[in-house]
Amino acid sequence: MNIVKYRISILLILFISFSFCIVSCKKDYTDDSFPRNVDVYLRYLAEGNQFSGMCKVTFADTLAIGEPDTANYAITINNKDLKQVIVGNGIKNYTFQTKTPFAHKFEIKMKEPNGDILSKSTKMYSIDSILVNPVVSMSKGMDIQYFGQELSANESIILMLITSDDKSTSTTIQGPASSNTIHLKAEDLQLLPKGMATLYLIRTFNDEEVNGKMHFVIRNEYFSQSKSINLVP
């Protein structure tokens, strides 16, 4: 199991798209009349039922893009409290990680400094199962089938293949898509050594909404159970 956890950690490094980049800019923090940017990243790992969430709140007006907010927020996702973490140069992030059964819908609630509670609903779609030949000819490419709800316009599925010596290749299907088949070309497989490899699917959902003074930008990622395959010439 250790090698599976190690490979999952590689996936997280490769695919965590949640950005905490900050553009330096001076601003009078007593001015509280402009909207804020709320970046939310939700991730679910089917192996181990691991669910984690991160959130960052920044000013979002044209004079202070990327400026960290100095206010404190009580933030929950499906009634789970996010812990405030202060990283380098005083930037505040909110984060948590827990083992929990998969949930299709998520309710994000933010208690603002003035006591108002703002809610934002979002969702995450699962991958029910994966069908793939356990022996794959590297000269022919490979097809896999996944089962679950069809991809919508703001979703994608990323196929990631990692070998035992941690070499990898990937391909992405962007929604909307009615087909549940993903093809990995032979030329992509030729970059890998023969032998055992582990296959993952990552289903992403991007959401965006302006709610009051808050501009929500949300990225949800569902990591499937892994599949072991044998790459042969």
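Modeller: Strands are DSSP runs of E with at least two residues, helices are runs of H or I with at least four, and both are numbered from the N terminus. Ser156, for instance, lies in strand β12, residues 155-163. The model is predicted, so local features need pLDDT of at least 70 and side-chain atom pairs count only at pLDDT 80 or more, while totals for chains, interfaces and linings use all residues. Residues are numbered from 1 along each chain as its sequence is written, and side-chain values use heavy atoms, with hydrogens and water left out.

Biologist: Is Ser156 buried or exposed?

Modeller: Buried means under 20% relative accessible area, exposed over 50%, and partly exposed in between, with a 1.4 Å probe and protein chains only. Ser156 has 7% and is buried.

Biologist: Which residues does Ser156 touch?

Modeller: Contact means heavy atoms within 4.5 Å. Not counting residues up to four places away in sequence, Ser156 touches Leu151, Thr172, Ile173, Gln174, Gly175, Ile202, Arg203 and Thr204. Ser156 and Phe205 are 49 residues apart in sequence and 6.9 Å apart in space, C-alpha to C-alpha.

Biologist: How is the order of strands in a sheet to be read?

Modeller: Strands of a sheet pair through backbone hydrogen bonds, either parallel or antiparallel. Two strands pair if DSSP finds at least two bridges between them. Here an open sheet of 3 strands runs β9-β11-β14, with antiparallel pairing. Because β9 (129-132) and β14 (181-184) each have a single partner strand, they stand at the edges, and one side of each lacks a neighbour in the sheet. Strand β11, residues 142-147, pairs with β14 over 4 bridges, and Met142 stands opposite Leu184 in β14.
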